[in-house]
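Good morning. Please look at the sequence and the model now.

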Amino acid sequence: MGFGKANLKEKEHVRIVDIASLQLQIRELPVKFLDKQVVLDMGNLFCCVQVDQSTVAIKERFGKFDEVLEPGCHCLPWFLGSQLAGHLTLRLQQLDVKCETKTKDNVFVNVVASIQYRALADKAGDAFYKLSNTRSQIQAYVFDVIRASVPKMNLDDAFEQKNDIAKAVEDELEKAMSAYGYEIVQTLIVDIEPDEHVKRAMNEINAAARMRVAANEKAEAEKILQIKRAEGEAEAKYLSGLGIARQRQAIVDGLRDSVLGFSVNVPGTTAKGVMDMWSSSPNISTR
């Protein structure tokens, strides 16, 4: 009997120790284990809900839309049929769409468009209920506009008119998505990428054009060089001829002075006689 009482007391002691140990472990749990969902569930239990900043919540009553809840704390009496249908972010969002299409000159290109959009707070109900997949809807409109615009342009024109394509996409999206409670903030055509073979051919055409310009410039330079060289040679020959003419004029003047001097110093001689005498004598040079 005493042995049974001892076992009972030991078991009670172990149970007390286990409970104390469990309480200590619960006390030592870090704050990160207090999950946000647990906090929300506790708030729902006390009919309170929290709506974060840049977000709105959709409140329903017995399954029917009731109102849009702004950021903050709200009373939500679930026992009266009120519940949260979901949350809707008001932050700016971006969707990148890559669309393959063909240009007017039969070149296949990939056009990458970047769409920046956000839900309108005053139309949160439309944005939440009217569209089940906003991104797919926007992508469909982008495909439609790009594949209607780019085939009317040549490849070079598509590169030059990127802003026109972006404006067409933005106008169409703004007109369509405003009815669903969304605002299109900006649309950008960030890239137009043709096939790799087409890009290589374009680079070769560009290189050939630049080489042709370089060849023309080189030929023009050689032409100018030859003209300048010819002008230099002509000028040199002119100056050389001018020097020869002056040399011969000087010889003639000297010869005349010599004949006149001989005629004066030797009476009875004439200029013709002197010239005949010089021409008949091989030892007299007239040069």
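Let me begin with strand β7, residues 108-119, which is mostly covered: nine of its twelve residues are buried. Buried means under 20% relative accessible area, exposed means over 50%, and partly exposed is in between, with a 1.4 Å probe and protein chains only as cover. Strands here are DSSP runs of E of at least two residues, numbered from the N terminus, while helices are runs of H or I of at least four.

A word on where this comes from. This is a predicted model, so local features need pLDDT of at least 70 and side-chain atom pairs count only at pLDDT 80 or more, while totals for chains, interfaces and linings use all residues. Residues are numbered from 1 along each chain as its sequence is written, and side-chain values use heavy atoms, with hydrogens and water left out.

Now the partners of β7. Strands of a sheet pair through backbone hydrogen bonds, either parallel or antiparallel. Two strands count as paired if DSSP finds at least two bridges between them. β6 and β7 are antiparallel, with ten bridges, and Asp96 has Ser114 in β7 as its bridge partner. Five residues lie between the strands in this hairpin, where Asn106 has a positive phi near 60°. β7 also pairs with strand β8, residues 182-194, in the antiparallel sense over eleven bridges. There, Arg118 stands opposite Glu183 in β8.

Is Thr101 buried or exposed? Thr101 belongs to strand β6, residues 93-102, and is buried because its relative accessible area is 7%. Contact means heavy atoms within 4.5 Å. Beyond its neighbours within four places in sequence, Thr101 has contacts that include Val107, Phe108, Ile146 and Pro151.

Next, another sheet. This open sheet has three strands in the order β3-β2-β5, with antiparallel pairing. β3, residues 64-69, and β5 are at the edges with a single partner strand each, so one side of each has no neighbour in the sheet. From one strand to the next, the twist averages 30°. Strand β2, residues 55-61, is joined to β5 by seven bridges, and Glu60 has Gln83 in β5 as its bridge partner.

Last, the loop between β4, residues 72-75, and β5, residues 82-89, where Phe79 is found. Phe79 counts as exposed because its relative accessible area is 54%.

Terms used:
Axes are lines fitted to C-alpha atoms, for helices over the stretch in contact, and angles run from 0 to 180 degrees between N-to-C directions.
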